[in-house]
Amino acid sequence: MGEGKAKPDLVTRDYTIHLSKRTHKIQFKRRAPRAIKEIRKFAQQAMGTKDVRIDTQLNKYIWATGIKSPPTRVRVRLSRKRNEDEEAEEKLYTFAQLVEVSSFKGLQTEVVDTA
C-alpha cells in the first residue's frame, strides 16, 4: 500500500476511541494492557507515526477501574510533534493525552488549534 498525500507536519486532533469493541472477547487479565496497545495502534493509524507516547493521566484513567474492566470509551487528544532527539529514526512522534468529557454523546473528531 502506497503512502497517501503528505500530512501536515504538526497537528492536534481529538478522537473518541471505543475501547469495549477493541477489548471484546479478550481474557480478563489482559484487557487493560490490550486497551493501551489498541490506543497506540489507533494513534499510529490516525497520525501516521510509529512512535506513540501515552500520557500518564491517560494511562491512569485506563487502569483506574482495574485490569479486568477498562472504560468503555475514552476521549483522546492526539498531537503530532517534532522529535527533539537528533539520533531518532523518526522525525515525528504522537503524544496521546486524556480529554475529560461528561458525556460521549454526539462527539466527533475535532482539529484543535495550538495557538
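Helix α2 crosses helix α3 in a right-handed sense; a crossing is right-handed if the near helix is turned clockwise from the far one by less than a right angle, and left-handed if anticlockwise. Helices here are DSSP runs of H or I with at least four residues, strands are runs of E with at least two, and both are numbered from the N terminus. The model is a predicted one, in which local features need pLDDT of at least 70 and side-chain atom pairs count only at pLDDT 80 or more, while totals for chains, interfaces and linings use all residues. Residues are numbered from 1 along each chain as its sequence is written, and side-chain values use heavy atoms, with hydrogens and water left out.

**The helix pair**

Helix α2 spans residues 31-47 and helix α3 spans residues 56-63; their axes are 9 Å apart and the packing angle is about 140°. Axes are lines fitted to C-alpha atoms, for helices over the stretch in contact, and angles run from 0 to 180 degrees between N-to-C directions. The two helices are therefore oblique to each other. Angles under 35 degrees count as roughly parallel, over 145 as roughly antiparallel, 65 to 115 as roughly perpendicular, and the rest as oblique.

From α2, Ala-32, Pro-33, Ala-35, Ile-36 and Ile-39 meet Leu-58, Asn-59, Ile-62 and Trp-63 of α3. Contact means heavy atoms within 4.5 Å. Of the residues in this contact, eight are nonpolar, one is polar and none is charged. Ala, Val, Leu, Ile, Met, Phe, Trp, Tyr, Cys and Pro count as nonpolar, Asp, Glu, Lys and Arg as charged, and the others, Gly among them, as polar.

**The sheet**

Five strands make up an open sheet with mixed pairing, in the order β2-β4-β3-β1-β5. Strands of a sheet pair through backbone hydrogen bonds, either parallel or antiparallel. Two strands pair if DSSP finds at least two bridges between them. At the edges stand β2 (52-54) and β5 (110-111), each with a single partner strand, so one side of each has no neighbour in the sheet.

| Strand pair | Sense | Bridges |
|---|---|---|
| β1 and β3 | antiparallel | eight |
| β1 and β5 | antiparallel | two |
| β2 and β4 | parallel | three |
| β3 and β4 | antiparallel | seven |

Strand β1 covers residues 11-18 and β3 covers residues 73-82. Tyr-15 has Val-76 in β3 as its bridge partner, and Arg-13 has Leu-78 in β3. Val-76 also stands opposite Leu-98 in β4.

Six of the eight residues of β1 are buried, so β1 is largely enclosed by the rest of the structure. Strand β4 is likewise largely enclosed, because six of its seven residues are buried. Buried means under 20% relative accessible area, exposed over 50%, and partly exposed in between (1.4 Å probe, protein chains only). Helix α2 lies across β1, β2, β3 and β4 (92-98), and runs at about 135° to β1.

Thr-23 sits in the loop between α1 (19-22) and α2. With 5% relative accessibility, Thr-23 counts as buried. Beyond its neighbours within four places in sequence, Thr-23 is in contact with Arg-31, Arg-34, Ala-35 and Pro-70. Lys-25 also has its place between α1 and α2, but Lys-25 is exposed, at a relative accessible area of 72%. The phi of Lys-25 is near 65°, a positive value in a residue other than glycine.
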